[in-house]
Amino acid sequence: MARTWLFGMMALVALAGAGSGGPEPEGFPPTYRIFAVRYATIEDLPAKMFVQGAAPERKTSAAMAMWLIQGGGRNILLDAGFYHERFFKDWSVSSFVRPSDALAGLGVKPEDVTDIIVSHMHWDHADGVDLFKSARIWIQRDEYAYYSGEAWSGDHHGGIDPENVLTLVALNTQGRVTFVDGDAQEILPGITCYTGGKHTFQSQFVGVSSASGTVVLASDNLYLYENLEKHVPIGSTLDAVSNLRAQDRMRRIAAREELIIPGHDPGVFDRFPRLGAGLVEIRGAKPHP
Ligand SMILES: [Zn+2]
């Protein structure tokens with residue numbers, strides 16, 4: 001298995017070097033470029049959804065985002081956003097761009113996306129997986145098993161859309177899903193998945209090797225910068241202690257704290273260089289040798 005992807009990656013790296021318009025030939029493992037892509041905003045959400053213990057009357061707006069990891073001849077998405085009509089009835093969505101169109105500013109077409117890492121099964125992260133017809137889906141084995149199984153025999157499926165589950169099962173029957181087996185799994189060279197955030201049954205976050213050092217893409221395991229800065233668990237977690245432990249671990253994995261990227265904080269789009277509407281590149285000063 002490892003040997004298969006190693007040879008696959010070598011072929012891709014060779015192809016990337018030979019192709020026109022592709023990335024420059026890179027070392028192995030590649031250092032990736034990483035972009036945060038904002039495809040919508042949801043206004044007026046209770047802050048306590050995001051920050052445990054926030055005042056009941058406090059409201060906040062959420063940046064709806066996904067992240068593109070580019071390198072080694074691959075376009076890898078972390079999460080795929082949402083787009084089906086049914087979600088717009090329940091939520092106050094503004095500035096919406098269909099996730100498959102939101103990458104256009106980076107010159108990436110939907111069919112160019114080679115991989116989608118699903119951080120967790122919530123509708124606003126998993127709904128868009130079927131917009132990217134060439135992509136291999138990576139999801140934690142236990143996340144998939146739980147939400148396609150026993151979650152539905154009780155009230156343990158908040159935020160999970162039944163249609164999204166069926167889509168993922170269908171993609172699996174087409175051989176397009178690869179299961180990630182737990183914590184600290186390097187699924188592609190320089191891209192490692194971590195568990196323990198407990199936003200959902202087995203949510204994952206990702207460490208990515210970049211020219212600025214290791215970047216942590218937390219997705220909803222860390223909702224806002226406020227969680228990290230005040231050391232407060234996310235509002236929606238199955239295990240607050242585990243969530244705080246995961247936040248502490250993100251600090252150890254990331255090259256610097258500024259390279260920990262929360263899942264829904266609009267501030268991400270102010271803190272990094274802007275490439276276009278809703279597009280920033282996640283990078284900082286070069287790491288010290
Ligand atoms: Zn979520």
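A: Let's begin with contacts across the chain: counting those between residues at least 6 apart in sequence, 66% join residues at least 24 apart. Keep in mind that this is a predicted model. The chain has 289 residues, and 44% of them count as buried. It holds eight helices and 14 strands.

Now for the sheet. Five strands make it up, and they line up in the order β8-β9-β10-β11-β12. The sheet is open, and its pairing is mixed. At the edges you'll find β8 (185-188) and β12, each pairing on one side only. Going from one strand to the next, the twist averages 25 degrees.

A quick bit of background: strands in a sheet pair through backbone hydrogen bonds, and they can be parallel or antiparallel. Take β9 (residues 191-194) and β10 (residues 205-210): these two run antiparallel, with four bridges joining them. If you want a spot to look at, find Thr192, which stands opposite Gly207 in β10. There's a helix here too: α7 (residues 240-253) packs on the sheet and touches β10, β11 (213-219) and β12. The direction of α7 makes about 160 degrees with that of β11.

Next, follow the chain past β12 to Pro266. This proline is in the loop between β12 (260-262) and α8 (268-271). Pro266 has 15 other C-beta atoms within 10 Å, so it counts as partly exposed. Leaving out residues up to four places away in sequence, Pro266 touches Ser61 and Ala63.

Asp44 has a phi near 55 degrees, a positive value in a residue other than glycine. Asp79 isn't a glycine either, and its phi is positive as well, at about 75 degrees. Where do they sit? Asp44 lies in strand β1 (residues 33-46), while Asp79 is in the loop between β3 (74-78) and α2 (86-90). And are they buried or exposed? Asp44 counts as exposed because it has 10 C-beta neighbours inside 10 Å, whereas Asp79 has 28 inside 10 Å and so counts as buried.

Methods
Residues numbered from 1 in each chain as written. Predicted model: local features only at pLDDT ≥ 70, side-chain atom pairs only at ≥ 80, totals over all residues. Buried ≥ 20, exposed ≤ 12 C-beta atoms within 10 Å, placed from the backbone. Contact = placed C-beta atoms within 7 Å. Pairing = 2+ DSSP bridges. Axes fitted to C-alpha atoms, helices over the stretch in contact; angles between N-to-C directions.
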